[in-house]
Amino acid sequence: MKRRLQTLPDGSLACSRNGNYWKWYWNCGDGLSYLPKSARPLAEKLAVRKYLSLLLRSLQTRRSFLDSYLARKSQAAEQAVQAFLEDPAYQPLLAPYFTPLSPELAQWAAAPYDQNPLFPEQRIHKCASGHLVRSKSEAIIDMVLYTNQVPFRYECALTLGKTVIYPDFTIRDPSSGKTYYWEHFGMMDQPSYAARTFSKLQLYTSFQIIPSIQLITTYETQEHPLNTETAEALVRQYFL
């Protein structure tokens, strides 16, 4: 419809009744111009433009409602899965199913490690893996790693030169055992946060930990939050 509209004359058609007849007027931005009967082909094209414009607006509105509905349903389904995985009645029964297949990597994931000591009160989201994380988006990442049997640690210390940082997730590839890191940057619509993000990425690259190679990165803003589908796709791309 958009392509068809581009082929039609600009402006809009207005009609008024004159006894048993209709008069046509063309509004092309500088007022109404009367169209005589000889201009019927132009009037027909303007009528088609008006019809397609109204139909397109109707379909766009319908799509907007459907997108909103599906987003709510998808979010509700994700919340139902997360709630089930957090249910203490089922966690012990499900744990063996989600344990990494490699005993060595399972032992690595379960072993004690130096975790980020800063602001522990902000870790308020309980995950099925047993971790307490700081945001719903980190809970999504935790869930997709855990349910796909990918061994990982949350906020494990990493020393880069003289700097100690705590990547959101330190991950071992289930097949090769290679180490990857996953950083989620959740407030990219805030300039100061974005600036710190770029500085952190520069630190990683200076130690040959390169985004999209050993470093997985995800981003979100208030209007564009992380979703399960994106996290699942990354896990499949890197580890499955």
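Analyst: A charge is taken to sit over a ring if NZ of Lys or CZ of Arg is within 6 Å of the ring centre and within 35 degrees of the ring normal. In this predicted model, Lys37 lies over the face of Trp24, at 4.4 Å from the ring centre.

Contacts between rings come next. A pair of aromatic rings is described by the distance of the centres and the angle of the planes. Searching the whole structure gives eleven aromatic pairs. One of them joins Phe98 and Tyr146; this pair is tilted, with 5.0 Å centre to centre and 50° between the planes. Because Phe98 belongs to helix H3 and Tyr146 to helix H5 (residues 136-147), the pair ties together parts that are 48 residues apart in sequence. Phe98 has a relative accessible area of 8% and is therefore buried. Tyr146 likewise counts as buried, at 15% relative accessibility. Together with Tyr97, Phe98 and Tyr146 make up a cluster linked by ring pairs.

Another pair consists of Phe185 and Tyr219, and it is stacked: the centres are 5.6 Å apart and the planes are at 25°. This pair also links distant parts of the chain, as Phe185 is in strand E10 (residues 179-185) and Tyr219 in strand E11 (residues 215-219), 34 residues apart. Phe185 is buried, with a relative accessible area of 4%, whereas Tyr219 is partly exposed at 38%.

Leu93 lies in helix H3 (residues 91-98). Since its relative accessibility is 66%, Leu93 counts as exposed.

The mean pLDDT of the protein is 92, and 100% of its residues reach 70 or more. Among its elements, helix H3 has the lowest mean pLDDT, at 85, while strand E9 (residues 169-172) has the highest, at 98.

Methods: Residues numbered from 1 in each chain as written. Predicted model: local features only at pLDDT ≥ 70, side-chain atom pairs only at ≥ 80, totals over all residues. Heavy atoms only, no water. Helix = DSSP H or I, 4+ residues; strand = E, 2+ residues; numbered from the N terminus. Buried < 20%, exposed > 50% of the residue type's maximum accessible area, 1.4 Å probe, protein only. Phe/Tyr/Trp six-rings, centres within 6.5 Å; stacked < 30°, edge-to-face > 60°. pLDDT = per-residue confidence, 0-100.
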